[in-house]
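Hi everyone, thanks for coming. Please have the sequence and the 3D view open while I talk, and stop me whenever you like.

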Amino acid sequence: MSKSTAWMCAAAMLLITGQSAWGAQLNFIRYTPAYYFTDMDWEMATADFDEFVNTQADGAESGGDNPDTGSAWHFRALRSIEEDGLPCRQVEITLQARKADGETTSAYLFCRDPDTGWRMVRGLR
């Protein structure tokens with residue numbers, strides 16, 4: 001898994017396990033698709049995200065799935081901007097998991113640091 005998208009797995013695991021200052025306030029994620037993603041789901045999704053954010057134009061959409069687990073992900077490039085001198089992308093991410101009802105969709109701002117690659121800066125909605 002690349003460092004530039006390890007945020008996806010790390011952030012979800014942090015939220016799922018509650019190992020944060022917010023603790024019980026994050027219980028809402030317990031039964032969302034992210035909760036049910038396996039390590040392999042995260043590896044596949046982050047590899048797809050790496051390729052997507054580095055190669056696709058604004059407005060492009062792409063995704064993938066793990067047929068073994070029923071998990072799926074979808075990315076939509078909203079727009080490219082510059083922030084604090086770094087190239088940034090606004091990306092909408094949708095996650096689905098067989099065991100979860102429905103799907104979750106959120107948008108985030110990712111910026112590319114020349115030393116560490118893409119990193120999530122903040123959620124947009």
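Let me begin with a definition: a residue counts as buried under 20% relative accessible area, as exposed over 50%, and as partly exposed in between, using a 1.4 Å probe and protein chains only. By that rule Arg122, at 36% relative accessibility, is partly exposed. We will come back to Arg122 in a moment.

Please keep in mind that this is a predicted model, where local features need pLDDT of at least 70, side-chain atom pairs count only at pLDDT 80 or more, and totals for chains, interfaces and linings use all residues. Residues are numbered from 1 along each chain as its sequence is written, and side-chain values use heavy atoms, with hydrogens and water left out.

Now the overall layout. The protein has 3 helices and 5 strands. These are DSSP runs numbered from the N terminus, with helices being H or I of at least four residues and strands being E of at least two. Reading along the sequence, you get the pattern α-α-α-β-β-β-β-β. Out of 125 residues, 37% count as buried. The accessible surface comes to about 7100 Å², and carbon and sulfur atoms hold 48% of that; the areas come from the Shrake-Rupley method with a 1.4 Å probe, and for residues only the protein chains shown count as cover.

A contact, by the way, means heavy atoms within 4.5 Å. Among the contacts with a separation of 6 or more, 45% are between residues 24 or more positions apart.

Next, the salt bridges. Here we ask for a side-chain nitrogen of Lys or Arg within 4 Å of a carboxyl oxygen of Asp or Glu. How many salt bridges does the structure hold? There are 3.

Let's return to Arg122, which forms a salt bridge with Glu83, with the closest N and O atoms 2.9 Å apart. Arg122 sits in strand β5 (residues 117-123) and Glu83 in strand β2, so this pair ties together parts that are 39 residues apart in sequence.

Another salt bridge joins Glu92 and Arg76, whose closest N and O atoms are 3.1 Å apart. Because Glu92 lies in strand β3 and Arg76 in strand β2, the pair ties together parts 16 residues apart in sequence. Glu92 is buried at 10% relative accessibility, while Arg76 is partly exposed at 28%.

Then we have Arg89 with Asp58, where the closest N and O atoms are 3.4 Å apart. This pair links distant parts of the chain, with Arg89 in strand β3 and Asp58 in the loop between α3 and β1 (61-66), 31 residues apart. Is Arg89 buried or exposed? Arg89 is buried, with a relative accessible area of 6%, whereas Asp58 is partly exposed at 38%.

On to the disulfide. A disulfide is a covalent bond between the sulfur atoms of two cysteines. In practice, we look for a pair of cysteine sulfur atoms within 2.5 Å. That rule gives 1 disulfide, joining Cys88 to Cys111 with an S to S distance of 2.0 Å. The two cysteines are 23 residues apart, with Cys88 in strand β3 (residues 86-96) and Cys111 in strand β4 (residues 103-113). The torsion about their S-S bond is about 100°, so the disulfide is right-handed. Both Cys88 and Cys111 are buried.

Ile81 is in strand β2 and is partly exposed at 21% relative accessibility. Leaving out residues up to four places away in sequence, Ile81 touches Leu86, Pro87, Cys88, Gln90 and Leu109.

Last, the aromatic rings. Rings of Phe, Tyr and Trp (its six-membered ring) pair if their centres lie within 6.5 Å; planes under 30 degrees apart count as stacked, over 60 as edge-to-face, and the rest as tilted. The whole structure has 7 aromatic pairs. One of them is Tyr35 with Tyr36, an edge-to-face pair at 5.1 Å centre to centre and 90° between the planes. Tyr35 is partly exposed at 26%, and Tyr36 is partly exposed at 24%.

Phe52 and Phe75 form a tilted pair, 5.6 Å centre to centre with 35° between the planes. Phe52 lies in helix α3 (residues 39-55) and Phe75 in strand β2 (residues 71-83), so the pair ties together parts that are 23 residues apart in sequence. Both Phe52 and Phe75 are buried. They belong to one aromatic cluster made of Phe49, Phe52, Phe75, Tyr108 and Phe110.

That's my tour, and I'm happy to take questions!
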